[in-house]
Structures are given as structure tokens and as C-alpha cells.
Amino acid sequence: MFHGSIPTDMCRIVREHVSLWTDVTDVYNACCGNFTVERTIASLGKRLHSCDVLMYSTAIGRYYAGTAEPLQLTELALTEFPFLAEHHPADEDPAGQLCACR
């Protein structure tokens with residue numbers, strides 16, 4: 001069963017290992033839920049790329065159920081995360097919007 005986060009001891013191990021990746025500038029997490037890994041390594045100076053698995057699963061489910069709707073960023077999201085507009089164009093078809101981190 002998926003509990004939605006990794007244990008504290010595992011967070012320490014992840015942070016320790018990522019801190020040793022001196023030649024790595026970008027870290028990708030393609031299946032996160034509550035951004036535990038991102039919060040664990042956020043202060044290490046890496047560029048983090050991730051997506052919320054709930055949004056992704058919902059978009060895929062709607063697409064295959066024939067009820068796909070465009071994923072729209074709210075004004076609040078655009079204010080807080082303006083870089084998302086670059087990777088999530090509003091005019092794209094719903095099938096292409098399944099992941100905002102391309």
C-alpha cells in the first residue's frame with residue numbers, strides 16, 4: 001500500500017546521496033505525491049523537476065474515459081509559479097497536457 005511519503009530515515013539517506021552528486025544540476029521525480037523528496041533536497045541547490053501524480057492520473061483517466069478537459073493553470077498558480085506557463089501552453093490539446101514538466 002502506498003502511504004504517500006517516505007520515512008524520515010529514508011529522507012536522510014536520499015539527502016545524503018543527492019548531496020554527493022556534485023556534477024548533477026537537475027533532479028527529476030516523475031511520480032511524486034506530496035513532494036517529500038523535493039522538500040528533502042530543496043536546499044541542496046539542484047533544479048528540481050517533478051509533477052503531482054494525482055493530477056497526472058486524473059488527466060489520463062479523463063482522457064481515456066472520453067471526458068478529457070484541458071488542464072488550466074489558475075491565476076494563483078501563474079502568480080506563484082510563472083515558469084509553468086512556458087511548459088504548459090494553454091492552447092495545447094488535452095492529450096498533450098498530461099505532464100507539465102517536459
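Guide: The protein chain holds five helices and two strands. Along the sequence they follow the pattern α-β-α-β-α-α-α. This is a predicted model, in which local features need pLDDT of at least 70, side-chain atom pairs count only at pLDDT 80 or more, and totals for chains, interfaces and linings use all residues. Residues are numbered from 1 along each chain as its sequence is written, and side-chain values use heavy atoms, with hydrogens and water left out.

Visitor: What makes a run of residues a helix or a strand?

Guide: Both are DSSP runs, numbered from the N terminus: a helix is H or I with at least four residues, a strand is E with at least two. Strand S2 covers residues 47–52, and histidine 49 lies in it.

Visitor: How confident is the predictor in the protein chain, by pLDDT?

Guide: pLDDT is the predictor's confidence in each residue, from 0 to 100. The protein chain averages 78, and 81% of the residues score at least 70. Over residues 94–102 the pLDDT is below 50. Where pLDDT is low, the predicted coordinates should not be read in detail.

Visitor: Why is histidine 49 called partly exposed?

Guide: Buried means under 20% relative accessible area, exposed over 50%, and partly exposed in between (1.4 Å probe, protein chains only). Histidine 49 has 26% relative accessibility, so it counts as partly exposed. Buried residues make up 21% of the 102 residues in the protein chain.

Visitor: Which residues does histidine 49 contact, leaving aside its neighbours within four places in sequence?

Guide: They are Asp26, Val27, Tyr28 and Asn29. Contact means heavy atoms within 4.5 Å. From C-alpha to C-alpha, histidine 49 and valine 27 are 6.2 Å apart, though 22 residues separate them in sequence.

Visitor: What makes arginine 47 and aspartate 26 a salt bridge?

Guide: A salt bridge needs a side-chain nitrogen of Lys or Arg within 4 Å of a carboxyl oxygen of Asp or Glu. For arginine 47 and aspartate 26, the N to O distance is 2.6 Å, which meets that limit. Arginine 47 lies in strand S2 and aspartate 26 in strand S1 (residues 26–32), so the pair ties together parts 21 residues apart in sequence. Arginine 47 counts as exposed because its relative accessibility is 51%.

Visitor: How many salt bridges does a search of the whole structure find?

Guide: Two. Arginine 12 and aspartate 9 also meet in one, at 2.5 Å from N to O. Both lie in helix H1, three residues apart, about one turn of the helix.

Visitor: Why is the pair of tyrosine 63 and tyrosine 64 called by the name it has?

Guide: Rings of Phe, Tyr and Trp (its six-membered ring) pair if their centres lie within 6.5 Å; planes under 30 degrees apart count as stacked, over 60 as edge-to-face, the rest as tilted. The search of the whole structure finds one aromatic pair. Tyrosine 63 and tyrosine 64 are 5.1 Å apart, centre to centre, with 80° between the planes, so the pair is edge-to-face. Tyrosine 63 is partly exposed, with a relative accessible area of 38%. Tyrosine 64 is exposed, at 69%.

Visitor: How do you know whether proline 70 is buried or partly exposed?

Guide: Its relative accessibility is 43%, so proline 70 counts as partly exposed. Proline 70 lies in the loop between helix H3 (53–65) and helix H4 (75–80).
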